[in-house]
Amino acid sequence: MIATHLHNDTVINVAQLLKARVGAVRTVTVQLDDFALDEDLRVRKLEAELRLTRIASGILVTGEVKITSPQVCARCLTEFEGTYSESFEAEFWPSIDVFTGLPLPAPTDDEIFVIDENHQLDLREILRQVAILAQPIKPVCGPDCPGFQSLLPGHEDVGDSRLAVLQALLEERTD
Ligand SMILES: [Zn+2]
């Protein structure tokens with residue numbers, strides 16, 4: 001059985017895993033409150049279920065990031081809180097050899113992350129990138145969203161044909 005460790009920060013010491021044979025696995029759950037995605041975008045809650053696997057070049061991190069964040073419905077403009085998830089995988093390479101302490105060459109691929117000289121693997125940047133991907137482009141408040149109709153004053157007034165045409169167009173688009 002693999003023990004799952006709960007983390008409330010983004011830094012994990014992976015010295016033991018780096019010393020383990022290729023194929024060794026460690027699972028980690030990361031839970032963060034009020035996580036900043038950029039200067040003016042934050043998620044209220046982030047939870048990540050992660051699997052760290054020792055591979056020849058370093059550590060492969062795979063898993064799913066779940067975010068809970070305030071949204072504004074793209075159809076009716078209601079504010080609500082939505083939960084979204086996104087899967088990912090990323091490679092982390094050690095910057096020094098865990099046995100000899102000698103420096104290792106830096107990755108040439110800029111999509112590969114680096115584990116620091118104290119064997120600390122920092123998930124902050126990958127979690128930030130995946131959380132941004134998880135954010136919906138057009139959030140919808142729910143299956144009962146009233147849609148654009150709720151934004152049209154007096155939409156029940158059939159006397160205004162121009163409004164009826166506009167309303168029909170909007171309904172067509174949002175179906
Ligand atoms: Zn809505």
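What spacing do the donors of the zinc ion follow along the chain? They follow C-x2-C-x64-C-x3-C, and the rest of this report looks at that site and a few other spots worth a visit.

## About the model

This is a predicted model, in which local features need pLDDT of at least 70 and side-chain atom pairs count only at pLDDT 80 or more, while totals for chains, interfaces and linings use all residues. Residues are numbered from 1 along each chain as its sequence is written, and side-chain values use heavy atoms, with hydrogens and water left out.

## Overall layout

The protein has three helices and eight strands; these are DSSP runs numbered from the N terminus, with helices being H or I of at least four residues and strands E of at least two. Starting at the N terminus, the order of elements is β-β-α-β-β-β-β-β-β-α-α.

Of the 175 residues, 37% count as buried. Here buried means under 20% relative accessible area, exposed means over 50%, and partly exposed is in between, using a 1.4 Å probe and protein chains only. Among contacts (heavy atoms within 4.5 Å) with a separation of 6 or more, 52% come from residues 24 or more positions apart.

## The zinc site

Cys73, Cys76, Cys141 and Cys145 coordinate the zinc ion through their SG atoms, at 2.3 to 2.4 Å. Donors are N, O and S atoms within 2.8 Å of the metal (3.2 Å for Na, K and Ca), and sites may look incomplete since water is not among the atoms. The angles among the four donor atoms are 106 to 115°, and the site is tetrahedral; for four donors, that label asks for all angles to lie between 85 and 135 degrees.

Cysteine 76 sits in the loop between strand S5 (58–72) and strand S6 (79–94), and cysteine 141 in the loop between helix H2 (124–134) and helix H3 (161–174), so this pair ties together parts that are 65 residues apart in sequence. Cysteine 73 is buried at 1% relative accessibility, and cysteine 76 is buried at 7%. Cysteine 141, at 28%, is partly exposed. The structure holds zero disulfides, a disulfide being a pair of cysteine sulfur atoms within 2.5 Å.

## Threonine 10 and its neighbours

Threonine 10 lies in the loop between strand S1 (4–7) and strand S2 (11–13) and is buried, with 2% relative accessibility. Its side chain makes a polar contact with the side chain of aspartate 122 at 2.8 Å. Such a contact is a pair of N or O atoms within 3.5 Å; within protein, one must be able to donate a hydrogen and the other to accept it, and residues adjacent in sequence count only if both atoms are side-chain atoms. Leaving aside residues up to four places away in sequence, threonine 10 touches residues including Leu32, Phe35 and Leu127.

Most residues other than glycine have a negative phi. Aspartate 34, in strand S3 (residues 25–38), has a positive phi of about 50° and is partly exposed at 45% relative accessibility. Histidine 119 has a positive phi of about 65°; it lies in the loop between strand S7 (113–115) and strand S8 (120–122) and is buried at 14% relative accessibility.

## An aromatic pair

Rings of Phe, Tyr and Trp (its six-membered ring) pair if their centres lie within 6.5 Å; planes under 30 degrees apart count as stacked, over 60 as edge-to-face and the rest as tilted. The count comes to one aromatic pair. The rings of phenylalanine 92 and phenylalanine 113 have centres 5.0 Å apart and planes at 20°, so they are stacked. Phenylalanine 92 is in strand S6 and phenylalanine 113 in strand S7, so the pair ties together parts 21 residues apart in sequence. Both phenylalanines are buried.

Note on methods
Four donors count as tetrahedral if all angles lie between 85 and 135 degrees; four count as square planar and six as octahedral if opposite donors are over 155 degrees apart and all others between 65 and 115; anything else is irregular.
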